[in-house]
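Colleague: Could you take me through the aromatic rings in this one, slowly and up close? I'm still learning how to look at them.

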Amino acid sequence: MSGQFPTSPVARSANITSQQDTIVSVTTSGRKQARQIDGQRFAITLAFPPMTRSEFAPIKAFVMKQRSQLENFTLIPPTEGNAQGVASTVISTNASVSAGATTCTVDGMTTSTNGILKAGDYFRFTGQEKVYMAVEDLDADGSGEGTLTFEPPLRANVADNVALIYDNVDFTVSLTNDIQEFNIGTQEYFNYEIDLVEVL
């Protein structure tokens, strides 16, 4: 692990995509068969506004420190790093969860509250690096419990009483290629875009 990607300057845009290999065959009669291969991961493209040399220097140095694709590092995507919901407490699993699951029971939430997490929010389980997405709103009942529905399927078992990280969600990523270009225009402003992929 080689640190956290600089938080300043802030990227102008962050494009997050989901990569999931699917084997599909379609017969001449139109019947479709599909099977997915385990290993979903998120890919992130950051595009930055024009930067002066001093503004760009921390990013340039950090990228060089990665030694191309050798190192892994963490990144909190701008605007997407925090939950949209009203979550403000420590939310934890209410029972152990097995690998392959796409739902789990959680507790510790504000009682009788809707929209604790919103569909589209990212989170991860403490102690695991894989990031997941809530695909349905998470609501709390009168006991502060609820069912969290997420994708992709859980990669590894999660024990009871493991806390969710839903704000400042850090993705563990690496560069996607061995060549990084640092372009400077005639006005002496750097233009930079970087492609990253989640490390499983």
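Modeller: Start with lysine 130: its charged end sits over the ring of tyrosine 132, 5.5 Å from the ring's centre. "Over a ring" here means that NZ of Lys or CZ of Arg is within 6 Å of the ring centre and within 35 degrees of the ring normal. Keep in mind that this is a predicted model, where local features need pLDDT of at least 70, side-chain atom pairs count only at pLDDT 80 or more, and totals for chains, interfaces and linings use all residues. Residues are numbered from 1 along each chain as its sequence is written, and side-chain values use heavy atoms, with hydrogens and water left out.

Now for rings next to rings. Rings of Phe, Tyr and Trp (its six-membered ring) pair if their centres lie within 6.5 Å; planes under 30 degrees apart are stacked, over 60 edge-to-face, and the rest tilted. That rule gives 18 aromatic pairs. Take phenylalanine 62 and phenylalanine 73: their centres are 5.1 Å apart and their planes at 85°, so they meet edge-to-face. Phenylalanine 62 is in helix α1 (residues 53-65) and phenylalanine 73 in strand β5 (residues 73-75), so this pair ties together parts eleven residues apart in sequence. Helices (H or I, at least four residues) and strands (E, at least two) are DSSP runs, numbered from the N terminus. Phenylalanine 62 is buried at 8% relative accessibility, and phenylalanine 73 is buried at 0%; buried means under 20% relative accessible area (1.4 Å probe, protein chains only). Both also belong to one aromatic cluster, whose members include Phe5, Phe48 and Tyr192.

Notes: Buried < 20%, exposed > 50% of the residue type's maximum accessible area, 1.4 Å probe, protein only.
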